[in-house]
Amino acid sequence: MINRVVITGLGVYSTIGKNLEEVRNSLYAGKSGIGFDQERKEFGFRSGLTGVIEKPILKGQLDRRLRVGLPEQGEYAFLATQEALANARIDMDFLEANDVGILYGNDSSAKPVIEATDTLRAKRDTMLLGSGSVFQSMNSTVTMNLSTIFKLKGINFTISGACASGSHSIGMGYFLIKHGLQQQVICGGAQELNMYSMGSFDALSAFSTKESNPITASKPFDKNRDGLVPSGGAATVILESYESAIKRGAPILAELVGYGFSSNGSHISQPSVDGLVKSMEMAMRDAGLTNAEIDYINAHATSTPVGDGFEARAIDKLFSDVKTPVSSTKSMTGHECWMAGASEIVYSMLMLQNSFIAPNINFESPDDDSAKLNLATKTIDKNIDVFLSNSFGFGGTNSSLIVRKIKK
Amino acid sequence: MTEAELIEKVNDLLVEEFEVDRAAISPDAVLKDTLGLDSLDYVDLVVVIESNFGFKVKPEDFMGIVTFQDFYSYALKRVTEKV
């Protein structure tokens, strides 16, 4: 059985907006979510740059027992999922009566682990860690909490694929629905945004140090880029079989038509053109689309000198004859890591729904690789029927997704 | 700390931690039912007491604590012992 897979709900909580409407406005305006955190400098960070997010207050919204196990990124994921379920018109009665699944990307929960260790060193008694610590600390924290909160009864686990986690979660949900194993899957990605989670990444000198003007620090593809800016939040994409969506009378926002993946089989942090090309080609083959049929590419490009160059060469290899518009929304959001693959589907969906291409802000001059791309450096009002979204991660994990406006 | 002060402090902490209506708390009320405690919540109760009163409730001590009055008496005894 091969099902068509559609998107029926979206939700987001990010540094550029706390819901879809705010995020859509920020994307269109080219608004940055980046700031400077002095505490990081005092803690020994090379860079104090970070995405800035409003901490949600869930007391009063969510029962205490359901809150105590939620770490920071779990709170973001709860809010994003609540928004996505609401606009997919899925309520608690439906969740109780159907085997809705969850596959969410998450690849760390550093803060609860560190806080628990600090408590243990001070108190020398594990019982004083409280009941929430274990549920906050595990990598599967988002799926274990959301499946409990939303009473989910289908597939339930976390995808950890570094900075491609969110994208792979959507790809895996797509496979399950396509092959008839699930009818609805809550997919997404969440990323904690605290300094404890990012110290070891800062150690690699991977972060931009353009601290004097934070909103211009993230400059993917620009000749003078000097590193990424760590960021976070959560984004949720509700995937559903076309038949289920029609039967429910659900809003069908678009169709997920292609998923491609690959592993570079080489360096732990350096990408490879061949691996990226393979991932994009596989997605296009799966979608049955040619390069000319893709209207927009949401690049993974994080603003690191090395990574962006590899992606630019890979995109050029496949799209040089059609010069498809490309932008990296990380120029505004920073690098949302485990969340990015899902949030960038949400960002691209907002562009598809509202007929614009969000700008790759802070781009001033190309290097030899990015000069070959058709970069959208300003907001472009343009109809988008099909987009491709790339996500790549440490260890050489690659994921590409293709989404198309629905054809009846 | 007088008994009245201790009772007020315990009630404040329980209302804050377990988000219950203060009016539901009375000396004769059953602690578990009123606070809606499950097995995990007892772990948090231990943390709340330790961090505010400086003594640790042993899990086996909960066996003898049914009502709020039982809990006040137990806490007063432990606080007094500590002094």
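1. The largest pocket holds about 770 Å³ of space, and the model in which it is found is a predicted one. It is lined by 30 residues, and those closest to its centre are A:Arg67, A:Val68, A:Leu70, A:Glu115 and A:Gln136.

2. As to which elements build this lining, those that give two or more residues to the largest pocket are, in chain A, helix 3 (64-67), helix 4 (72-87), helix 6 (110-123) and helix 7 (133-137), together with helix 3 (39-53) of chain B. Helix 6 of chain A gives the most to the lining of the largest pocket, contributing four residues.

3. When the residues lining the largest pocket are divided by class, 12 are nonpolar, seven are polar and 11 are charged.

4. The second largest pocket holds about 540 Å³ of space, and of the 31 residues that line it, A:Ser269, A:Pro271, A:Thr304, A:Gly307 and A:Phe394 lie nearest its centre. Two elements of chain A, helix 13 (305-319) and strand 14 (386-393), are those that give two or more residues to the lining of the second largest pocket, and helix 13 of chain A gives the most, with five residues.

5. The lining of the second largest pocket comprises 13 nonpolar, 15 polar and three charged residues.

Technical notes. Residues are numbered from 1 along each chain as its sequence is written. Chains are lettered from A and ligands numbered from 1 in the order in which they are written. This is a predicted model: local features need pLDDT of at least 70, side-chain atom pairs count only at pLDDT 80 or more; totals for chains, interfaces and linings use all residues. Side-chain values use heavy atoms; hydrogens and water are left out. On a 1 Å grid over the protein atoms alone, a cavity is a set of points where a 1.4 Å probe fits but cannot get out, and a pocket is an open set with protein on both sides within 12 Å along at least five of seven lines; lining residues have an atom within 4 Å of a point. Grid points are joined across faces, edges and corners, and a volume is the space filled by probe spheres set on the points. Ala, Val, Leu, Ile, Met, Phe, Trp, Tyr, Cys and Pro count as nonpolar, Asp, Glu, Lys and Arg as charged, and the others, Gly among them, as polar.
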